[in-house]
Amino acid sequence: MHDRTATLKPSADAAPELKANGGRDLRIDACRGIALWCIFLDHVPNNIGSWLTLRNYGFSDAAEVFMFVSGVTCALAYGKVWRCEGWTSVIRRTLRRSRDIYVAFLLLTLACALLVHIAGVERLADESNTRILLDQPGATLAHAAILQYRPVNTDVLPIFVLLHLLFAPLLWLLLRLPNVTLGASLALYTLVHMFGWSLPAWPSGHWAFNPLAWQLLVVLGAWMIIEGERVRPWLTSRIALAPAVLYLVFSLVIALSWRIKPLEVLIPQGLTKLAYPMDKSNLDPLRLLHFLALAVVAVWFVPPNRQALTTAVMRGAILCGRHSLPIFCLGVLLTLVSLLALLDISAGLVMQITLSVGGVLTMIVAATLLNLIKIKPRPQPIIALPMGVRAPQDAWGTVGWRTLEAFRRGLREFGWAGGQKRLIDGRFAERQSHQGPRLAGELARLKADAIAASSCPPSQSPSVSV
């Protein structure tokens, strides 16, 4: 381990043809969307739909996948912002995203309480941890404002508030000391398990997802983006594959024995006591190892497949993953609605299937509608800026003056500065990549002495993880 400045780079298997608008990797969106579906199915109690998720076939579940992919997404998105606009923009964007998630969490908390109040079902208030909010609204909202109180199934949002709040310094450390930073994250995870460290919570003092432990998966995801080319040979080696497969088989047998009684007698009692109960709050080491084993097997046996991403199911997953924050919030509310239906109408198999399919379809429809909503930028006047620059009023703020100054230095190096006053006329795609050919044609028709294009397109705002 030594001091150095790393360059964010895509992993070796990144396939450009799988990327769409703005360079988004559709595989990441698809993975995150499927994780959102699984989280919804797992949160509905006694739901037959949960047998389609990872939870019943091993020690980890969709929560680990979602956290890891969030680290990957943040490293890609904020890394692109750093390369194109510098650290000031990274800090600004991380703070803005943290604020958005914080507001979403508070609104979701109020929505859960309102839904339970309207339903008027006592058990629903207990199941959703909203009874205390209905009985003591003032004190409870005060604790929610400082992220100490959370209704059931919303615990991941405060983690992402803290994640984005601290991601700028984390990215700075990962770019300079990636291995040391990952080691520090692993050390914190170890200390949590040794001394029981956690952040304050109210009223029970318990976090369903202890941020001090679950941060490891986020850091690991970001580290993989930065160090991916060095790590990939290890992931694709047979030395890693063999123990990963054996561990997955072991966890499959143990997990099935918890749910299928005839299998329970076949498992030595010592093994059952070793693995159960699984500490999800602090990311039990057995869960972490299970996720890592899944990652190794996925690298081996799930190659990039463009055709698979074009199916209707995968398109729905991609849309849900692209709008992960609102879809996660919707999933929490759908869980409460499903629980209400199971309590008041029927808990039968038909109702479980209906709620599972209906919930996932509702999430896909909502994501489709969100994707169709396009905020058309208002026309901006072309004005003359200082130093002979002409551009839309806010455009240079989007790209950053560093790009302009680099272009000026290049002109001076070629002897084009002198005493002449030259006009630099900018064209900006407003984050719409399909506008590129039209804007290039406009510049060509100007018969300019020189035309330059930025190698870094304006970055899209990163989306969470959650």
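So, cavities first: on a 1 Å grid over the protein atoms alone, a cavity is a set of points where a 1.4 Å probe fits but cannot get out, and lining residues have an atom within 4 Å of a point. Grid points are joined across faces, edges and corners, and a volume is the space filled by probe spheres set on the points. With that in hand, searching the whole structure turns up 1 cavity of 30 Å³ or more.

Before I go on, a word on the source. This is a predicted model, where local features need pLDDT of at least 70 and side-chain atom pairs count only at pLDDT 80 or more, while totals for chains, interfaces and linings use all residues. Residues are numbered from 1 along each chain as its sequence is written, and side-chain values use heavy atoms, with hydrogens and water left out.

The largest cavity holds about 50 Å³ of space. Its lining is Leu36, Ile39, Phe40, His43, Ile327, Phe328, Gly331, Val332, Thr335 and Met363. Helix H1 (26-43) and helix H15 (324-344) are the elements that give two or more residues to it; helices here are DSSP runs of H or I, at least four residues, and strands are runs of E, at least two, numbered from the N terminus. H15 gives the largest share of the lining, 5 residues. What classes do we find in the lining? There are 7 nonpolar, 3 polar and no charged residues, counting Ala, Val, Leu, Ile, Met, Phe, Trp, Tyr, Cys and Pro as nonpolar, Asp, Glu, Lys and Arg as charged, and the others, Gly among them, as polar.

Quick overview of the chain: it has 19 helices and 5 strands. Of its 466 residues, 45% count as buried, meaning under 20% relative accessible area, with exposed over 50% and partly exposed in between (1.4 Å probe, protein chains only).

Now helix H8, residues 178-195. Which residues of H8 are buried? They are Pro178, Thr181, Leu182, Ser185, Tyr189 and Val192. These cover an arc of only 100 degrees around the axis, so they sit on the same side of H8; the arc is that of the directions from the helix axis to the C-beta atoms. In general, an α-helix has 3.6 residues a turn, so residues three or four places apart point the same way. The buried residues of H8 pack against helix H7 (156-176), helix H9 (211-235) and helix H13 (285-301), with contact meaning heavy atoms within 4.5 Å. On the face turned away from the buried side you get exposed Met194 and Phe195. In the loop between H8 and H9 lies proline 203, and the peptide bond from tryptophan 202 to proline 203 is cis, omega near 0 degrees.

Last stop, asparagine 46. It's in the loop between H1 and helix H2 (62-85), its phi is positive, near 50 degrees, and it isn't glycine. Buried or exposed? Asparagine 46 is exposed, at 70% relative accessible area. Glutamine 352, in helix H16 (residues 349-372), touches Asn46, Asn47, Ile48, Leu342 and Ala347, leaving out residues up to four places away in sequence. Glutamine 352 itself is buried, at 12% relative accessible area.

Conventions. On a 1 Å grid over the protein atoms alone, a cavity is a set of points where a 1.4 Å probe fits but cannot get out, and a pocket is an open set with protein on both sides within 12 Å along at least five of seven lines; lining residues have an atom within 4 Å of a point.
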